[in-house]
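Open the model in your viewer and keep the sequence panel beside it. We will go from one selection to the next.

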Amino acid sequence: MFALGVDVARNAFRRPFQVREFVQQCWFVVSVTVLPTALVSIPFGAVIALQIGSLTRQIGAQSFTGAASVLAIIQQASPIVTALLIAGAGGSAICADLGSRKIREEIDAMEVLGVSPVQRLVVPRVLAAMLVSVLLNGMVSVVGVLGGYFFNVILQDGTPGAYLASFSALAQLPDLWISEIKALVFGFLAGIVAAYRGLNPAGGPKGVGDAVNQAVVITFLLLFFVNFVLTTIYLQVVPAKGS
């Protein structure tokens, strides 16, 4: 899998670039992920806002509800939600497509003809997953923050001014950067794992189905581990605002 990732990174800059395939895959991934991602981000932001609002009320720190909830959504929830939907919907479709091509021996035929399957099929799909993941992460951040604001102000009788003021007082631009970096890395991982399992099915239609299940599970495990590593590095490198 690591070798495939290196091969994809090397072939991404090699001509000719499959522009048509890249655009088609971007549209396909968007079509299967944008609606579920939007629907998931609303309750996700609401749950975080309600939980943090209840906690801050107990300790007498209601004025920091906005900052805590928005930072939690942007830094952690948004890239994770995006990556889970990219892996679960887009990644599984990519794995199934490549796996069906493999068992029909289309991949072997391409290699016999001297066409690189990685450059022709894998690179556009991985780049499409990365691009869509970054774009969806921005959408989830906006929808999640708006949902958290609505539920905190309407259901918990929070103050709109305090919600926005605390956010502007503690949040900083690198918080958005790390969110987009996470989304980019998660999209790359989801695409690589899906492509690897799709190119190496056990054999037959049942093997393709097993490969899809394995791709989703492996991607989820990698996402949470890489998220822990990136968050730890970010908190060590970037000082908190006002510290």
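Start by selecting valine 112. This residue sits in helix α4, which covers residues 106-112. Is valine 112 buried or exposed? Valine 112 is exposed, because its relative accessible area is 72%, and the cut-off for exposed is over 50%.

Zoom out to the whole chain. This is a predicted model. Colour the protein by pLDDT. The average is 83, and 95% of the residues score at least 70. Which helix has the lowest confidence? Select residues 160-170: helix α6 has the lowest mean, at 71. Then select residues 173-199: helix α7 has the highest, at 89.

Switch to a cartoon view. The protein has eight helices and zero strands. Read from the N terminus, the elements run α-α-α-α-α-α-α-α. Along its principal axes, the C-alpha trace spans about 70 × 35 × 30 Å. Of the 243 residues, 45% are buried.

Next, select helix α1, residues 2-11. Show the side chains. Leu4, Gly5, Val8 and Asn11 are buried here. Why do these four share a side of α1? They cover an arc of only 135 degrees around the axis, so they fall on the same side of the helix.

Keep α5 and α7 and hide the rest. Their axes come within 8 Å and cross at roughly 145 degrees. The crossing is right-handed. Show the side chains at this contact. On the α5 side, pick out Val122, Val126, Met130 and Val134, which are among the residues that meet α7. On the α7 side, the partners include Leu184, Phe188, Ile192 and Leu199. Glu180 of α7 also belongs to this contact. Colour the contact by residue type. The residues divide into eleven nonpolar, seven polar and one charged.

Take the contacts between residues at least 6 apart in sequence. Of these, 86% join residues at least 24 apart.

Notes
Residues are numbered from 1 along each chain as its sequence is written. This is a predicted model: local features need pLDDT of at least 70, side-chain atom pairs count only at pLDDT 80 or more; totals for chains, interfaces and linings use all residues. Side-chain values use heavy atoms; hydrogens and water are left out. pLDDT is the predictor's confidence in each residue, from 0 to 100. Helices (H or I, at least four residues) and strands (E, at least two) are DSSP runs, numbered from the N terminus. Buried means under 20% relative accessible area, exposed over 50%, partly exposed in between (1.4 Å probe, protein chains only). The arc is that of the directions from the helix axis to the C-beta atoms. Axes are lines fitted to C-alpha atoms, for helices over the stretch in contact, and angles run from 0 to 180 degrees between N-to-C directions. A crossing is left-handed if the near helix is turned anticlockwise from the far one by less than a right angle, and right-handed if clockwise. Contact means heavy atoms within 4.5 Å. Ala, Val, Leu, Ile, Met, Phe, Trp, Tyr, Cys and Pro count as nonpolar, Asp, Glu, Lys and Arg as charged, and the others, Gly among them, as polar.
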